Amino acid sequence: MDFVIKVMPKGELELPDEIKAQLRPGDEYEVSLIEDSIVLKKIQKDLDIKEWFRIIEELSPDPNQPTLEEISKIVKEVRR
């Protein structure tokens, strides 16, 4: 999927909402210039346990998560 990013008069970048939704405070990106392209690559950091739990708490519930009743039914079918 391609997005258009506008460069503002003072050099700021105007990002589409779909891109903003992917950014988190503290994220760092490696920037590469390849001919006439600018490539951003997220720098992956090792997470400590506190950061891991913070990320999990921020996630919304999975709308496709089966109920305990559905899981129980699946387990019973597999056991047969």
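Reader: How many salt bridges does the count come to?

Author: Please keep in mind that this is a predicted model. A salt bridge here requires a side-chain nitrogen of Lys or Arg within 4 Å of a carboxyl oxygen of Asp or Glu. By this rule the count comes to three salt bridges.

Reader: Which residue forms a salt bridge with Lys42?

Author: The partner of Lys42 is Asp27, and their closest N and O atoms are 3.6 Å apart.

Reader: Is Lys42 buried, partly exposed or exposed?

Author: One reads this from the relative accessible area: under 20% is buried, over 50% is exposed, and values in between are partly exposed. Lys42 has 34%, so the residue is partly exposed. Asp27 has 25% and is therefore partly exposed as well.

Reader: Which salt bridges does Arg54 form?

Author: Arg54 forms a salt bridge with Glu51, where the closest N and O atoms are 2.5 Å apart. The side chain of Arg54 also meets that of Glu58 in a salt bridge, at 2.4 Å from N to O.

Reader: Why are Glu51 and Arg54 separated by about one helical turn?

Author: The reason lies in their spacing: both residues are in helix H2 (residues 49-58), and they are three residues apart. Glu58 and Arg54 are four residues apart in helix H2, so about one helical turn separates this pair too. As for their cover, Glu51 is partly exposed because its relative accessibility is 27%, and Arg54 is partly exposed because its value is 33%.

Reader: Which residues make the nonpolar surface patch?

Author: The patch is made by Leu47, Ile49, Trp52, Phe53, Ile56 and Leu59, and it amounts to about 630 Å². Consider Ile49, which lies in helix H2. Its relative accessibility is 55%, so Ile49 counts as exposed.

Reader: Do strands E3 and E4 run parallel or antiparallel?

Author: To read a strand pair, one looks at its bridges and its direction. E3 and E4 run antiparallel and are joined by six bridges. For instance, Val31 has Leu40 in E4 as its bridge partner.

Reader: What value does phi of Glu35 take in this hairpin?

Author: Phi of Glu35 is near 50 degrees, a positive value in a residue other than glycine. Glu35 lies in the loop between E3 and E4, and the hairpin has two residues between its strands. With a relative accessible area of 82%, Glu35 is exposed.

Reader: How many of the twelve residues of H3 are buried?

Author: The count of buried residues in H3 is zero, and the helix is hardly covered.

Terms used:
Residues are numbered from 1 along each chain as its sequence is written. This is a predicted model: local features need pLDDT of at least 70, side-chain atom pairs count only at pLDDT 80 or more; totals for chains, interfaces and linings use all residues. Side-chain values use heavy atoms; hydrogens and water are left out. Buried means under 20% relative accessible area, exposed over 50%, partly exposed in between (1.4 Å probe, protein chains only). Patches are made of residues with over 30% relative accessible area and no salt bridge: like charges are joined within 9 Å, nonpolar side chains (Val, Leu, Ile, Met, Phe, Trp, Tyr) within 5 Å. Accessible areas come from the Shrake-Rupley method with a 1.4 Å probe; for residues, only the protein chains shown count as cover. Two strands pair if DSSP finds at least two bridges between them.
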